[in-house]
Amino acid sequence: MQKFDEISLLGTRFHKIKVNELIDYAVQAAKLKKKTIIGHVNTRAMNFAYELPWYREFLNKSDLVFCDGFGVLLGAKLCGGCVNSSHRMTCPDYIEDFAKACERENVSLFLLAGEPGTVDQAIAKLKVIAPNLRVNGHHGYFDKSGEENEFVIQQINTFKPDILYIGFGMPLQERWILNNSEKIDTKVFLPLGACLDFYTGTVSRGPRWMTSSGLEWLTRLVTEPKRLWKRYVLGNPLFFYRVLQQQLTKLFRRRSRTSSQY
């Protein structure tokens, strides 16, 4: 499998990768006789990783981690990282290209996400552009432990997907993978959050000019202020505060080492 340059930010690493490379990596990993975990980072993920050691370890041990947020790109640039907008991707923008690649390479897909009915809508849309895609799914509103969880896992294992897409939101989806990966018969674990909600129009992303310029968070905040205000109003500034704090600490340490040499 191809190796990609890594960028470390606040003790968490992600890879310098473009969307076509991500799709190719996932499809090729689905043909290997091993389990592959593909993670992703945005400012919320970075905040979780900063505060939760297990979450940081999940990302740092994942086989591939891509960037799904302009805030992370900006943070990386502030720390001297050589990245640009092509190194950021969000699932609703490429899910149809991903489905076409799976169809072309005969790679099967299981969608585990969304409210009841959302998966069915997503499968119907994907079948229009990839009619021979082997795809199945189940909604994400089930008890993540106990008998109900085991029933869902049994459904997944009966289908035996090459790629399992999990969309429970952070950090629940990552914890679920850690707790259940050994019991699941799939090759690739791909946690992608609310991708299907956006793809089916269940949740509004806002106009293209906003999603392409790093302002998608503003649309989400306006449409769901009670649920998302902490994530964006508090979370985004907190992330950049931590990045600047890290850079200032590095600067002071360099100056201290320089002064001690004289």
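Helices here are DSSP runs of at least four residues and strands are runs of at least two, both numbered from the N terminus. With that in hand, start the tour. Note that the model is predicted.

**Stop 1: the cavity.** Select Cys91, Ile95, Phe98, Leu109, Leu111, Tyr165, Leu190, Leu192, Cys195 and Leu196. These residues line the largest cavity. Its space is about 50 Å³. The count of cavities of 30 Å³ or more comes to one.

Now colour by element of structure. Which elements each supply at least two residues of the lining? Helix H5 (91–104), strand E5 (109–113) and helix H9 (195–199) do. H5 gives the most, with three residues.

Next, colour the lining by residue class. The lining of the largest cavity holds 10 nonpolar residues, no polar and no charged.

**Stop 2: the surface patch.** Select Leu74, Leu78 and Leu244. Together they make a nonpolar surface patch of about 260 Å². Zoom in on Leu74, which sits in helix H4 (residues 70–78). Why does Leu74 count as partly exposed? Because its relative accessibility is 43%, and partly exposed lies between the buried limit of under 20% and the exposed limit of over 50%.

**Stop 3: the second largest pocket.** Select Gln2, Lys3, His15, Tyr25 and Asp63. Of the 13 residues that line the second largest pocket, these lie nearest its centre. The pocket has a volume of about 160 Å³. Colour the lining by class again: six residues are nonpolar, three polar and four charged.

Notes
Residues numbered from 1 in each chain as written. Predicted model: local features only at pLDDT ≥ 70, side-chain atom pairs only at ≥ 80, totals over all residues. Heavy atoms only, no water. 1 Å grid on protein atoms, 1.4 Å probe; cavity = no way out; pocket = protein on both sides within 12 Å on 5 of 7 lines; lining within 4 Å. Points joined across faces, edges and corners; volume = space filled by probe spheres on them. Nonpolar A, V, L, I, M, F, W, Y, C, P; charged D, E, K, R; others polar. Patch = residues over 30% accessible without salt bridge, like charges linked within 9 Å, V, L, I, M, F, W, Y side chains within 5 Å. Areas by Shrake-Rupley, 256 points an atom, 1.4 Å probe, with all protein chains shown as cover. Salt bridge = Lys/Arg side-chain N within 4 Å of Asp/Glu carboxyl O. Buried < 20%, exposed > 50% of the residue type's maximum accessible area, 1.4 Å probe, protein only.
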